[in-house]
Amino acid sequence: MALLRKINQVLLFLLVLTLCGILYKKVRKGAVLKNKADDDSESPEDMEEEIPVVICAAAGRMGAAMAAINSIYSNTDANIVFYVVGLRNTLPRIRKWIEHSKLREINFKIVEFNPIVLKGKIRPDSSRPELLQPLNFVRFYLPLLVHQHEKVIYLDDDVIVQGDIQELYDTTLALGHAAAFSDDCDLPSAQDIHRLVGLQNTYMGYLDYRKKTIKDLGISPSTCSFNPGVIVANMTEWKHQRITKQLEKWMQKNVEENLYSSSLGGGVATSPMLIVFHGKYSTINPLWHIRHLGESFQEGNVLLHEHHHASTYIQPRASSPRGDLGHLFSLTIRLTICKCRWYFQLPEGEHSRIQEKDSG
């Protein structure tokens, strides 16, 4: 009996030892798998950064905005999130354009812009009433529309992007600068400067220097202006410097004193930005903002900005009118071909909507 008891004890010990071994292997395997999963997963710092792109989609320019979005999305592998901004009555149409078209795969958010924020801040007597549209002022309110991003790209709806938007996003903003713009003096060529009659590239074209308030700014009228149709913005600096409040201040001053020029340069939305950002902005690579038609189709130009009605301001030279008109026609055709590359079939129902608008 004593021998049998010893055998049972040995067997029990071996059984316990075996169970401990199995349990150890399982625990160790689980730990290894967890560590491997942790190694394979990306930390927040390593995850691909989202690039927020803000673009407006006005009722009468829906196709242009979608073409711009299509050109951006088709030329990059970056993780883009589009913030498509519209007025309340256009939001269903924006969603339809995106979800019922080739853009259905993009990452997007539709944002409503409430024009009530502009009440009492816009003079109604602009020489270019199209510039008074509420969405023209969306760029003033970027931090109110985009919340969780440190850096934001804003684009007008009349742009076509031919390069990787990541390059524009990587624009370096100097310490203390809330935004980066492209200088208007970076025109395609000296020849075009003489031919672009009415397309202002200095502060003189936007501010009325006869007014004391403008003179007191101490800004030379020959200072090169910048174009706010393409913006790379630092949201932290924008909020810290209260940029939106400053812009609203200069809108209100214009209502009271009519400070901005009524020339072809416009000045309704651009002028306050020229004042607020004077001497306090970084610059965008000129290839990322080619404007005014010009030689926009040279190799290397990656963002083309139609700049509304630019062709109406280009005047033929008296010395060779046929040659210049031919050149203008050629540029217009090439721009049309470029833009048509990025247009796509309208969602069902939009054809009849456009026809009704045209017939009306």
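Gly120 sits in the loop between β3 (107-112) and α4 (142-145). Helices here are DSSP runs of H or I with at least four residues, strands are runs of E with at least two, and both are numbered from the N terminus. With a relative accessible area of 44%, Gly120 is partly exposed; buried means under 20%, exposed over 50%, and partly exposed in between, using a 1.4 Å probe and protein chains only.

Which residues does Gly120 contact once its neighbours within four places in sequence are left aside? They are Gln252 and Val255, where contact means heavy atoms within 4.5 Å. Val255 is 135 residues from Gly120 along the chain, yet their C-alpha atoms are separated by 7.6 Å.

## About the model

This is a predicted model, in which local features need pLDDT of at least 70 and side-chain atom pairs count only at pLDDT 80 or more, while totals for chains, interfaces and linings use all residues. Residues are numbered from 1 along each chain as its sequence is written, and side-chain values use heavy atoms, with hydrogens and water left out.

## Two nonpolar cores

In soluble globular proteins, nonpolar side chains tend to be buried together. The largest nonpolar core here has 47 residues, and the members touching the most others are Val54, Val85, Val138, Trp238, Met273 and Phe277. Such a core is a set of buried Ala, Val, Leu, Ile, Met, Phe, Trp, Tyr and Cys residues joined through side-chain atoms within 4.5 Å. A second, separate core contains 34 residues, including Ile106, Val161, Tyr169 and Ile284.

Let's look at Phe277. Apart from neighbours within four places in sequence, Phe277 contacts Ala178, Ala179, Phe181, Phe226, Trp238 and Ile243.

## A buried asparagine

Asn227 belongs to strand β7 (residues 226-234). Asn227 has a relative accessible area of 6%, so this residue counts as buried. Its side chain reaches the backbone nitrogen of Gly229 at 2.8 Å.

## Salt bridges

Side chains of opposite charge can pair when their charged atoms come close. The structure holds seven salt bridges, each a side-chain nitrogen of Lys or Arg within 4 Å of a carboxyl oxygen of Asp or Glu. One of them joins Arg61 to Asp157, with the closest N and O atoms 2.9 Å apart. Arg61 lies in the loop between β1 (50-56) and α2 (62-74), and Asp157 in the loop between β4 (151-155) and β5 (159-161), so this pair ties together parts that are 96 residues apart in sequence. Arg61 is partly exposed at 27% relative accessibility, whereas Asp157 is buried at 12%.

Asp208 and Arg210 also meet in a salt bridge, at 2.9 Å from N to O. Asp208 is buried, with a relative accessible area of 11%, while Arg210 is exposed at 68%. Together with Lys211, these two residues are linked in a network of salt bridges. Asp216 pairs with Lys212, the closest N and O atoms being 2.7 Å apart, and both residues are exposed.

Leu12, Leu15, Val16, Leu19 and Ile22 make a nonpolar surface patch of about 460 Å². Patches are made of residues with over 30% relative accessible area and no salt bridge, with like charges joined within 9 Å and nonpolar side chains (Val, Leu, Ile, Met, Phe, Trp, Tyr) within 5 Å. The accessible areas come from the Shrake-Rupley method with a 1.4 Å probe; for residues, only the protein chains shown count as cover. Ile22 is found in helix α1 (residues 2-40) and is partly exposed, at 43% relative accessibility.

Conventions. A polar contact is a pair of N or O atoms within 3.5 Å; within protein, one must be able to donate a hydrogen and the other to accept it, and residues adjacent in sequence count only if both atoms are side-chain atoms.
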